[in-house]
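Dear colleague,

Please find below the structure that I am handing over to you, with its sequence. A summary of the findings follows it.

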Amino acid sequence: MTWRFDTRVVHFRPKGLERETPKAPPIYQTSAFVFSNLEELEAYFTGERPYLYTRYRNPNADDFARGVTALEGGEDGAAAASGMAAILVATLAAVKPGERILCPEEVYGGTYLLFTRELARLGIGVDFAPAQDVDAFARAFTSATRLVFLETISNPLLRVPPLPELAALARKRGAVVVVDNTFATPYLARPLEWGAHLVVHSATKFLAGHGDVTAGVVVGEGRFVKRAREIIAAYGCHLSPFEAWLAARGLKTLSVRMERHCQNAARVARWLSEHPAVAHVFYPGLSHDEDRVHTLLGGRGGALVTFRLREGANVRNFFRGLTWIKLVPTLAGVETTVAHPASTSHRAIPPAKRRALGVTEGVVRVSVGLEDPADICEELARGLAEAEGNGERTMPSD
Ligand SMILES: *Cc1c(COP(=O)(O)O)cnc(C)c1O
């Protein structure tokens, strides 16, 4: 058979490649899958073959979800296009119009907007309560509360709520428990063991771990994950094959990265707590809640350290004083980065409310990377010196 040019330009893949076994997983960068005959197609619909169309399911997305499912100890898992997509589908898998979500006051900004603005339009209500206080949280339940949404470590003040107690309370009230485990990762905490029905992640952060992927995942009880998978397909918020491949690649080094992240962060937190320009350091296990953090996070505090500059220090000059640590509104990369919650994640919150939550102008969040901690401290010292007005360069005051 001699094909003409326009056919040869399309069909050049040799036959038999599928016999070769690559050491690394191939990227199934395809929108759909091929069937040799109608019987094979029928096998998809009877559940004997898993793949038909990438929006429904893709081997790379499944590969990544399987990895996280094994680490979290879930029954099943599904990958989604982002952390927000994972939160959306986990929520819709459990809640109907007319029902309500209960969540902590300091919930992640994107989740706050999703619940208050977007889910409100679908007739799903939301109530907020202080997660540190089980009694106050219990009082915020209504007869319509169907889902309790929690976070292992809060942003940006890194508080660890009494999760097993909150999950038990929610279950007693007949609510589904979803925990955003992004900040802790399954290396530190596995909320399904405390009674959560589902765990969600922004895999954009530590699971993928290198700052080059946007991805999400939902893991937990099979019946909810099955529903979440249907919603992912219906809304078209599946994870792309290449993003899934990168996320699965990053996941393999989670243990070694988290171990070093935690060691470095603990050292940075201790160093900051002795610096005269710093009024307060927020780090799980450093001061408050010592026992709870030890049990819940296995004695580790995670990779994030937040601090508040002392009264009179200039936060703008802190950021100006840094040379290699970059101001980046995300977290969890192998490189140390800093963020200013008051002007990014908490910008949409009115200033008075923001202050009530403790997110003042002088609050800085550090995502501690894998560099030598002595270098990280030296660099932070440059910023702090500048913030105190005794850096080498003089800056106009704000
Ligand atoms: C980043 C983040 C999200 C949102 O994840 P995306 O991947 O950006 O959609 C949700 N929850 C927490 C705790 C996060 O840090």
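Which residue stands opposite Leu-198 in S7? The residue opposite Leu-198 is Gly-220 in S7.

Some notes on the basis of these findings come first. This is a predicted model, in which local features need pLDDT of at least 70 and side-chain atom pairs count only at pLDDT 80 or more, while totals for chains, interfaces and linings use all residues. Residues are numbered from 1 along each chain as its sequence is written, and side-chain values use heavy atoms, with hydrogens and water left out.

The sheet

Helices (H or I, at least four residues) and strands (E, at least two) are DSSP runs, numbered from the N terminus. Two strands pair if DSSP finds at least two bridges between them. An open sheet is formed by seven strands in the order S1-S7-S6-S5-S4-S2-S3, with mixed pairing. The edges are taken by strand S1 (76–80) and strand S3 (125–129); each has a single partner strand, so one side of each is left without a neighbour in the sheet. On average, neighbouring strands of this sheet are turned by 20 degrees against each other, direction ignored (axes are lines fitted to C-alpha atoms, for helices over the stretch in contact, and angles run from 0 to 180 degrees between N-to-C directions).

S1 pairs with strand S7 (residues 216–220) in the antiparallel sense over five bridges, and Gly-77 stands opposite Val-219 in S7. S6 and S7 also run antiparallel, joined by five bridges. S5 and S6, by contrast, run parallel and are joined by three bridges; here Asp-180 stands opposite Val-200 in S6.

The ligand

An oxygen atom of the ligand is 2.9 Å from a polar backbone atom of Met-84. Polar side-chain atoms lie 2.6 Å from a ligand oxygen atom in the case of Thr-204 and 2.7 Å in the case of Lys-205. Taken alone the ligand exposes 380 Å² (Shrake-Rupley method, 1.4 Å probe), and the protein buries 89% of that.

With kind regards

Definitions and conventions. Polar contact = N/O pair within 3.5 Å; in protein donor to acceptor, adjacent residues only side chain to side chain.
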